[in-house]
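This report walks through a single protein chain, beginning with a local detail of the backbone and widening to the fold as a whole. Please keep the sequence and the model at hand while reading.

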Amino acid sequence: MTKKIVFLDRESLDARVRPFNFPHEYVEHESTWTPEEIVSRLQGAEIALINKVPMRAETLKQLPDLKLIAVAATGTDVVDKAQAKAQGVTVVNIRNYAFNTVPEHVVGLMFALRRAIVPYANSVRRGDWAKSKQFCYFDYPIYDIAGSTLGIVGYGALGKSIAKRAEALGMKVIAYDVFPQDGLVDFETILAQSDVITLHVPLTPDTKGMIGAAELKKMKKSAILINTARGGLVDEAALLEALKDGTIAGAGFDVVAQEPPKDGNILCEADLPNLIVTPHVAWASKEAMQILADQLVDNVEAFVAGKPQNVVE
């Protein structure tokens, strides 16, 4: 029996999606924005492939044929999982594909901020070096990576991969996680002792806004905050104020609260030397995207074979 598969936001994945190994009708849409488009395009489809397309309760209720939502990402906050479960729709995600790309992005942001690479490069472009009386100048503080302390919030596969890289750079690593593990510290210790804090937790009601004004004030004034997880983890207004008044030294964000920031975003629009914002691309090395695309197909084929894998409850 032929199964209809619809990929609603194909342009979000720059990789080859190999043909599925069962009889199927496959339809791609570069992007899908509105609930009306989602419902229209998924009529008669048993399998929906999505990355960031929101599958809310009212949308799902209009899709009685849907049996599987295969998310082309690890995070599944775009799916109303309670409604999906109520309708008998299985939700699957991608796991352990970003073991190099996200840690490398974190390390890149850490170096760029601790060593003030971006503001110095921009100052040279402005002509400041040519005007200098000395062979160099010290407009922005520079801190070593070696000997500093990295605090990892969320010590799963990604957190551990980052820890290995940090230790190789001569950093002391401390970690916090809600799931008990040997050697973890509490969240307050992360805030107080870290020179760099990097976030690797999902966005849930418990983690939303986990870092706000109070938490930022507990950090070292020389510390930087890195977020490649979800924008909603951090109070963006509080962060911007902390960067401006010197509460913390810097921030590197690959995510913001609303993506894309079509209605504007205070972090994206801020012109600060101690802030770097990238457009949710930490996950997106060519190698990682192909691993993701292959696993996406694997997940669908496993479900159709009656052996679902990477199921999200």
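Pro-260 sits in the loop that runs between strand E10 (250-253) and helix H11 (266-269). The model is a predicted one, and in it the peptide bond joining Glu-259 and Pro-260 is cis, with omega at about -10°. For context, most peptide bonds are trans, and most residues other than glycine have a negative phi.

**Backbone exceptions and burial**

Asn-96, found in the loop between strand E5 (90-92) and helix H4 (101-114), has a phi near 55°, which is positive although the residue is not glycine. Ala-116 belongs to the loop between H4 and helix H5 (117-126), and its phi is likewise positive, at about 55°, in a residue that is not a glycine. Are these two residues buried or exposed? Asn-96 counts as exposed because its relative accessibility is 59%, and the cut-off for exposed is over 50%. Ala-116, by contrast, counts as buried because its relative accessibility is 4%, where buried means under 20%.

| Residue | Relative accessibility | State |
|---|---|---|
| Asn-96 | 59% | exposed |
| Ala-116 | 4% | buried |
| Asn-299 | 1% | buried |

Which residues does Asn-299 contact beyond its neighbours within four places in sequence? Its partners are Val-92, Asn-93, Ile-94, Gln-309 and Asn-310.

Five strands make up an open sheet with parallel pairing, in the order E2-E1-E3-E4-E5. At its edges are strand E2 (24-28) and E5, each of which pairs on one side only. Neighbouring strands of this sheet are turned against each other by 15° on average, direction ignored. Helix H12 packs on the sheet, where it touches strand E1 (3-7), E3, E4 and E5, and its direction makes about 160° with that of E4. Within the sheet, strand E3 (residues 47-50) and strand E4 (residues 68-71) pair in the parallel sense over four bridges, and Leu-49 has Ala-70 in E4 as its bridge partner.

Not counting residues up to four places away in sequence, Leu-13 touches Phe-7, Trp-283, Met-289, Leu-292, Ala-293 and Leu-296.

**The protein as a whole**

The protein has 12 helices and 11 strands. Its radius of gyration is 22 Å, close to the 20 Å that the globule rule gives for 313 residues, so the protein is as compact as a globular protein of that length. Along the principal axes, the C-alpha trace spans about 75 × 45 × 30 Å. Buried residues make up 49% of the 313 residues, and of the contacts with a separation of 6 or more, 60% are between residues 24 or more positions apart. The accessible surface comes to about 15,400 Å², and 54% of this belongs to carbon and sulfur atoms.

Methods
Residues numbered from 1 in each chain as written. Predicted model: local features only at pLDDT ≥ 70, side-chain atom pairs only at ≥ 80, totals over all residues. Heavy atoms only, no water. Buried < 20%, exposed > 50% of the residue type's maximum accessible area, 1.4 Å probe, protein only. Contact = heavy atoms within 4.5 Å. Helix = DSSP H or I, 4+ residues; strand = E, 2+ residues; numbered from the N terminus. Pairing = 2+ DSSP bridges. Axes fitted to C-alpha atoms, helices over the stretch in contact; angles between N-to-C directions. Rg over C-alpha atoms; globule rule 2.2 N^0.38 Å. Areas by Shrake-Rupley, 256 points an atom, 1.4 Å probe, with all protein chains shown as cover.
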